[in-house]
Amino acid sequence: MTDIILHHYEISPYSEKVRLGLGLKGLAWGSVEIPVIMPKPDLTALTGGYRKTPVLQIGADIYCDSQLIMRELERRHPTPSFYPAGHGAADALAWWAEKTMFSPAASFLFAKRPDALPERFLEDRAKFLRPKYRSGRDDGGSTEPARSVARAFRLAESDADRRALILAGPCR
């Protein structure tokens with residue numbers, strides 16, 4: 001039995017980030033598969049209404065938000081470190097990637113594979129997404145999400161940007 005329990009679902013990219021972090025640290029952990037869409041009665045009772053995924057439970061402590069989870073794992077289990085060169089660049093890159101790239105990347109990927117998610121999932125999430133990403137296309141039907149993703153990956157072609165990506169480790 002382990003004290004670390006991850007409440008997650010398989011297709012969540014944020015859950016995947018935490019699963020990778022747990023693996024990089026070599027930690028034993030328990031898994032609780034949660035529903036992809038509401039209602040999530042067990043998770044709601046555990047978190048007081050927080051609906052996002054993943055949620056990490058360590059004993060009686062509950063951690064919501066993948067970046068917070070990664071920082072807590074690092075605090076409790078400092079070796080091997082997620083941040084061998086410090087937190088600054090890694091945290092900044094993780095924040096930027098999650099806030100600016102997630103919606104365009106998800107829109108781009110799911111536009112290519114619309115069958116990957118059930119219609120109920122898309123309906124549930126639509127109320128939380130910016131209008132231009134609800135359909136996977138920009139307002140005018142442009143390919144801006146795809147261009148945003150491609151632009152970010154081109155940045156990694158320079159040595160400085162490669163170093164920043166490496167420093168970000170599992171917090172990409």
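**Burial, cores and contacts**

Modeller: Of the 172 residues in the protein, 38% are buried. Keep in mind that this is a predicted model.

Colleague: How do you know that Ser-66 counts as buried?

Modeller: Its relative accessibility is 4%. Buried means under 20%. Therefore Ser-66 falls in the buried class.

Colleague: Where is Ser-66 placed, and what is it in contact with?

Modeller: Ser-66 sits in helix α3. Leaving aside neighbours within four places in sequence, Ser-66 is in contact with Tyr-14, Lys-17, Val-18, Pro-54 and Glu-98.

Colleague: What makes a set of residues a nonpolar core?

Modeller: The residues must be buried, come from the nonpolar list, and be joined through side-chain atoms within 4.5 Å. The largest such core here has 14 residues. Ile-4, Val-18, Leu-22, Leu-56, Ile-69, Met-70 and Leu-73 have the most contacts inside it. Two or more residues each come from β1 (4–8), α1 (13–25), β3 (55–58) and α3 (66–76). Helix α3 gives the most, with three residues.

Colleague: What is Leu-22 in contact with, neighbours within four places in sequence aside?

Modeller: Ile-4, Leu-6, Leu-27, Trp-29 and Leu-73. There is also a second, separate core of seven residues, including Ile-34, Ile-37, Leu-43 and Val-55.

Colleague: Which pattern does the protein follow along the sequence?

Modeller: β-α-β-α-β-β-α-α-α-α-α-α. That covers eight helices and four strands.

Colleague: How much of the accessible surface belongs to carbon and sulfur atoms?

Modeller: 59% of about 10,100 Å².

Definitions and conventions. Residues are numbered from 1 along each chain as its sequence is written. This is a predicted model: local features need pLDDT of at least 70, side-chain atom pairs count only at pLDDT 80 or more; totals for chains, interfaces and linings use all residues. Side-chain values use heavy atoms; hydrogens and water are left out. Buried means under 20% relative accessible area, exposed over 50%, partly exposed in between (1.4 Å probe, protein chains only). Contact means heavy atoms within 4.5 Å. Accessible areas come from the Shrake-Rupley method with a 1.4 Å probe; for residues, only the protein chains shown count as cover.
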